[in-house]
Amino acid sequence: MTTTPAKNPAPTTAPAPGPALGRVGAVLRSDRLLRIFAWAAVITNGIIAVTGATVRVTGSGLGCSTWPECQPGTLVPEYRQGLAAIHQAIEFTNRTFTGAVAVASIGTFVLLWLRRPRRRTLLWLASVGGFGVLFQAIWGGVVVRQELAWWTVAPHLLVSLVLVFFALVTVVRIDEPDVPARRLVPRPLQALAYATLGVLTALCIAGTLVTAAGPHAGDVDTPRLGLPVLSLAQAHADLMFLYLGLLVALTVGFLAVKAPRKLLNRGWLLIGVTAAQGLLGLVQYATGVPEALVVAHVFGAVLVVLAGTWMVLGTRERSTAEDSVQLRPAPIPGGDRPEKPGRPQFS
Ligand code: HEM
């Protein structure tokens with residue numbers, strides 16, 4: 001939802017010095033560029049979770065034997081006897097892709113920083129993405145230096161999922177005015193919706209423990225978590241059934257209170273994605289965790305985090321009175337161009 005320039009004077013951008021700089025300034029402060037970077041942060045954080053799993057299941061975790069260099073004395077892969085070229089290439093590609101995540105996440109923060117007036121909440125949200133990618137780049141070094149110890153690999157994936165969550169919240173908040181949120185469902189239902197994020201977190205943590213006890217460590221010699229895989233997988237699956245049960249109860253609750261159609265659709269979408277991910281999890285477990293299914297399962301986990309966040313964000317809205325009356329899109333606060341009528345709006 002957005003603010004209307006007429007009655008609620010949207011903050012305008014400061015006049016740009018000089019025509020060329022003015023044009024550059026206008027581009028840097030354009031709504032379009034901000035949305036592109038913010039969505040790029042969502043997508044690249046999701047992709048690196050999947051490329052990270054690809055490194056793990058292909059046994060390329062130590063393809064680059066050290067950090068920040070790939071091989072002692074060189075930042076790039078070194079092709080010589082005894083060094084598996086494919087593992088180096090897979091690990092190095094994953095490391096390089098961190099650059100794309102950094103540009104998208106830190107770029108979003110910088111573009112928000114350049115706007116006037118600055119939107120503090122958004123800057124905080126975007127700073128999580130910026131500092132998060134820096135943390136992940138360094139923690140990646142800890143993973144290699146600790147030779148892929150499971151207690152380093154598990155948080156590495158979990159932090160990526162958290163960054164996916166914050167990146168999507170940032171995308172949605174960009175198009176919302178900085179006014180208090182209005183609940184679209186009764187408080188107990190909204191509380192239940194937020195509680196599902198807690199269950200999803202436990203579900204993903206349990207998943208990384210199944211991985212830690214399972215065969216795909218990222219290198220054949222890496223010691224595994226000494227707990228029975230079956231019990232961990234059972235706990236992981238039980239949490240999935242709890243999550244799915246809560247989502248069904250929640251969506252039926254949305255129906256009962258005649259919640260907005262868009263929220264209902266988000267509930268059904270989340271149930272669908274979760275059920276598909278659960279089925280994939282069961283099949284991958286039953287077939288001995290084949291590499292391709294494990295990577296697909298991590299991609300599925302990213303989709304569940306996105307759909308889960310999207311549903312929770314749909315339980316409230318931020319709009320000015322005019323918005324709900326006029327229902328006409330308008331410029332983003334701090335932006336410089338009004339939205340074209342009929343353009344899809346976030347959340
Ligand atoms: C919404 C449902 C589910 C979500 C969000 C989810 C999420 C995850 C996550 C985040 C991981 C860790 C991946 C990694 O460490 O790289 C994982 C691993 C795993 N999950 Fe699930 N999972 C779900 C359902 C299931 C179900 C129902 C099963 C059935 C037993 C299952 C079986 C597994 C297995 C076997 C692994 C370890 C894969 C490996 O060895 O690398 N998952 N899951």
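How much accessible surface does the chain have, and what percentage of it belongs to carbon and sulfur atoms? The accessible surface comes to about 16500 Å², with 72% belonging to carbon and sulfur atoms; such areas are computed by the Shrake-Rupley method with a 1.4 Å probe, and for residues only the protein chains shown count as cover.

Before you start clicking, please keep in mind that this is a predicted model, in which local features need pLDDT of at least 70, side-chain atom pairs count only at pLDDT 80 or more, and totals for chains, interfaces and linings use all residues. Residues are numbered from 1 along each chain as its sequence is written, and side-chain values use heavy atoms, with hydrogens and water left out.

**Stop 1: the whole chain**

Show the chain as a cartoon. You will find 10 helices and two strands, in the order α-α-α-α-α-β-α-α-α-α-β-α from the N terminus. Helices (H or I, at least four residues) and strands (E, at least two) are DSSP runs, numbered from the N terminus. Of the 347 residues, 48% are buried, where buried means under 20% relative accessible area with a 1.4 Å probe, counting protein chains only. Among contacts (heavy atoms within 4.5 Å) with a separation of 6 or more, 79% join residues 24 or more positions apart.

**Stop 2: the ligand**

An N or O atom in the side chain of Arg-56 is 2.8 Å from an oxygen atom of the ligand. A ligand nitrogen atom lies 2.8 Å from a polar side-chain atom of His-297, and a nitrogen atom of the ligand is 3.3 Å from an N or O atom in the side chain of Gln-284.

**Stop 3: Thr-208**

Stay with helix 6 and pick Thr-208, which is located there. Is Thr-208 buried or exposed? Thr-208 counts as buried because its relative accessibility is 7%. Its side chain reaches the backbone oxygen of Ile-205 at 2.6 Å. Not counting residues up to four places away in sequence, Thr-208 touches Ala-154, Leu-157 and Leu-158.

**Stop 4: the cysteines**

Select Cys-64 and Cys-70, which form a disulfide with sulfur atoms 2.1 Å apart. With a disulfide taken as a pair of cysteine sulfur atoms within 2.5 Å, the count comes to one. The torsion about the S-S bond is about -75°, so this disulfide is left-handed. Cys-64 is buried at 0% relative accessibility, and Cys-70 is buried with a relative accessible area of 0%. Cys-204, at 16%, is buried as well.

**Stop 5: Gly-140**

Finish in helix 4 (residues 120–145), where Gly-140 sits. Gly-140 counts as buried at 14% relative accessibility. Leaving aside neighbours within four places in sequence, Gly-140 is in contact with Trp-67 and His-156. Draw a C-alpha to C-alpha line from Gly-140 to Trp-67: the two are 73 residues apart in sequence and 8.2 Å apart in space.

Note on methods:
Buried < 20%, exposed > 50% of the residue type's maximum accessible area, 1.4 Å probe, protein only. Polar contact = N/O pair within 3.5 Å; in protein donor to acceptor, adjacent residues only side chain to side chain.
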